[in-house]
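Work through the exercises below with the sequence and the coordinates open. Each task is followed by a solution in steps.

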Amino acid sequence: MPLPRWIVALAVLAAVSLLAVPGETHVRTGGTLTTGAAPSPALGEDVAYTLYLPSGYDRSTARHPVLYLLHGRGDTMQAWTRVKTVLDDMIRTRRIPPVIAVMPDAPWSERGNWYVDSRHDGGRPVETALTRDLVAHVDETYRTAPIRQARLVGGYSMGGAGALRFALAHQDLFSAAAVLSPAVYTPLPPSDSSARDYGAFGKGEERFSEEIYRALNYPALLPRLDPDLPVRLFVAVGDDEYANPDPADARHDLDFESAALYNAARRSPALSAQLRVMDGGHDWSVWTPAFEQAMAELGPGLSVTPPTGLTGPLHGTPADDWAGGIAAHADGTLTIGYAAGGPVNGQSHAGRLDAVITRTGAWTRQFGTAADERLYGVVALPDGGVLAAGYTKGDLDGKHAGNSTDDAFVARLDAGGTVRWITQFGAPDAADRLYGLAAAPDGGAYVAGYTKGALDGQNAGDKDAIVARLTPEGAVSWIRQYGGAGEDKAYGIAADASAVYVAGSATAALPGTTALGGLDGWLAAYAADGTSRWATTAGGAGDDRLNAVTITTAGLAVATGATAGDALTVAHTAQGRQRWRHTLATPSADEGAAVTALPDGGVEVAGYTRGRVGVQAGGADVLTLRLDGRGGQRAAAQLGTARDDAVDPFAEPNLYATTTPSGKVAISGLTYGGKAGNGDVFLTTVTP
């Protein structure tokens, strides 16, 4: 006998409730559409709009990013409502955060207003009304975040031109723009364009002014953009857009104009741009999938929280400067090293790049030659002094007259900043560089780098990695050369009383290892007397490298770097067995540059990311990653400026980290976020 309908209904409801996940009710139903009106003092009338509120908006207190979606010529605010299902699905599947979407109606100038402030008789200040009055109303009325990182503007056709205009002319308001089939024409619209007909670009009785059009168009805006307010553009166009039959105007077909826009935008330091050519014409067969792709690219970057900046004053000069190391002292002070292109704190500048050592709040010591000096490591000594290492192209120690190739050097400074000794060494007429430095237990130093010569037997290839030991008096007690048939470099070194660990990269198999493919990262162990113990490669079939290594309180050698564009960290025992491996991956480039041991047996990795780990600040941001003693990820964050941080112009990491006596992590690195726009050195402290 069939069950009564009410019993079946109860069973279905019970099944649904069992499938529901607590706290996720808001993602199981769609958002809502409503309408509203924003008072506009600029217009002297209201701006009508359709509003999309995400599911659960009325049941939470959370703030939301906002999309401003501009319709095309002749359309109304209802046009964009068709993307509701796209937003519902993307929010439900967590491809984008829950967003509010505002779809203003723009009826002025017979719906051909081009979203600009018209100077034509009877024209209206549409741009001011929407970017100021409407935005202010939305922020006052709904739970938004009144910051640019929480706003995206999008549009199609005339609305695409408006979205581009708003994003470039109002960087203070918008951080991203979805520009779909944009009706943008350079240098002027084609003869049959409606941009000439409605007075948007007119003046007085004249419906179209070439002068005004040029002044409002994107080529005039690009040179004036502020790189400290970066904007992300997503440009999409159909492959079957209208083809102008007039050969003189064929250059203005929207596929051509979109490509021109993309190529102009990608050359601006204030913009990052993407271009998609979709299958379809000037209609929603293009705009719907293009909007979804745009939101997939731009949506995750929207944030109601501003990015974390770099705290503390910058170090350096108006010229190019490079980070060169950081050391923490027992009294809580820090010492940083860097290469400076000019005089620092009243010190004399020897020429080109000088080595600079600064004890925070105390003293600065600058030394160099007429050639280049670069620092790649600073470590603290028990007596309050420091060791610094790098390379020189001149006669830094006064014993290498006529030197014109890179030589390795190590310098020792006392607690007051006086240089006690400098040791310069290398193969004659061959390049030698140091990239890694570690203090030895007796006050001496271990260093690592490369040579193109033969410092310990014969050179195995183009460049060989080197490891060397210096006494507390600066004498080189031993050098080990390690390489294969390719180009091999050592970047990082760490030591304790019984072992020395070295990390680097190789283009071919090194002795005792197996090549993995491409550029390989490698980790090797030596005894305190320079005896080789073991070596292993790290990474995969792509390009990999290890940049730094530390020794944890549990005795593990932990090295960090990159594998195929992802941040890689590996831990090995003293016997060479891999204990754990951790990879942090975003769709963009990520790399570990420094690693420092924490008191609890874990490590803090510092590097860079061009993706999103937290709130993205700019191009390359500083990445911080905390791993426990078993390689488990405890925290990850990013911080920085609107420009590149932690990397140099060659996409090489330039960053150092150390653990302070209080357990915090001090980080020093390169930033292009200074006022001069040249490389400066930052110093910041984070709490693991």
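**Exercise 1. Placing N547**

Determine which strand holds N547, whether N547 is buried or exposed, and what its side chain reaches.

Solution. The model is predicted.
- Step 1: N547 belongs to strand β27, which spans residues 544-551.
- Step 2: The relative accessible area of N547 is 7%. Buried means under 20%, so N547 counts as buried.
- Step 3: At 2.7 Å from the side chain of N547 lies the backbone oxygen of G592.
- Step 4: Leaving aside residues up to four places away in sequence, N547 touches Y491, G492, T560, G561, E591, G592, A593 and P653.

**Exercise 2. The second largest pocket**

State how much space lies in the second largest pocket, how many residues line it, and which element gives the largest share of the lining.

Solution. Rolling a probe the size of a water molecule over the atoms shows where empty space is left.
- Step 1: The second largest pocket holds about 930 Å³ of space.
- Step 2: Its lining has 34 residues, and those nearest the centre are R232, S272, Q616, G618 and G619.
- Step 3: At least two lining residues come from each of β9 (231-238), β10 (271-278) and α9 (284-298). The largest share, four residues, is that of β10.
- Step 4: By class, the lining has 15 nonpolar, 11 polar and eight charged residues.

**Exercise 3. Helix α2**

List the buried residues of helix α2 and name elements that cover them.

Solution.
- Step 1: In helix α2 (residues 84-92), K84, V86, L87, D88, M90 and I91 are buried.
- Step 2: An α-helix has 3.6 residues a turn, so residues three or four places apart point the same way.
- Step 3: The cover over the buried residues of α2 includes β1 (32-40), β2 (45-53), β3 (66-70), β4 (100-104) and α9.
- Step 4: Just after α2, R94 has a positive phi of about 65 degrees.

**Exercise 4. Aromatic pairs**

Give the number of aromatic pairs in the structure, then classify the pair formed by Y376 and Y435.

Solution. A pair of aromatic rings is described by the distance of the centres and the angle of the planes.
- Step 1: There are 21 aromatic pairs in the structure.
- Step 2: For Y376 and Y435 the centres are 4.7 Å apart and the planes 80 degrees apart, which is edge-to-face.
- Step 3: This pair links distant parts of the chain, 59 residues apart: Y376 lies in strand β15 (residues 373-380) and Y435 in strand β19 (residues 432-439).
- Step 4: Both Y376 and Y435 are buried.
- Step 5: Elsewhere, W80, Y156, W284, W287 and F291 are linked into a cluster by ring pairs.

Conventions:
Residues numbered from 1 in each chain as written. Predicted model: local features only at pLDDT ≥ 70, side-chain atom pairs only at ≥ 80, totals over all residues. Heavy atoms only, no water. Buried < 20%, exposed > 50% of the residue type's maximum accessible area, 1.4 Å probe, protein only. Polar contact = N/O pair within 3.5 Å; in protein donor to acceptor, adjacent residues only side chain to side chain. Contact = heavy atoms within 4.5 Å. 1 Å grid on protein atoms, 1.4 Å probe; cavity = no way out; pocket = protein on both sides within 12 Å on 5 of 7 lines; lining within 4 Å. Points joined across faces, edges and corners; volume = space filled by probe spheres on them. Nonpolar A, V, L, I, M, F, W, Y, C, P; charged D, E, K, R; others polar. Phe/Tyr/Trp six-rings, centres within 6.5 Å; stacked < 30°, edge-to-face > 60°.
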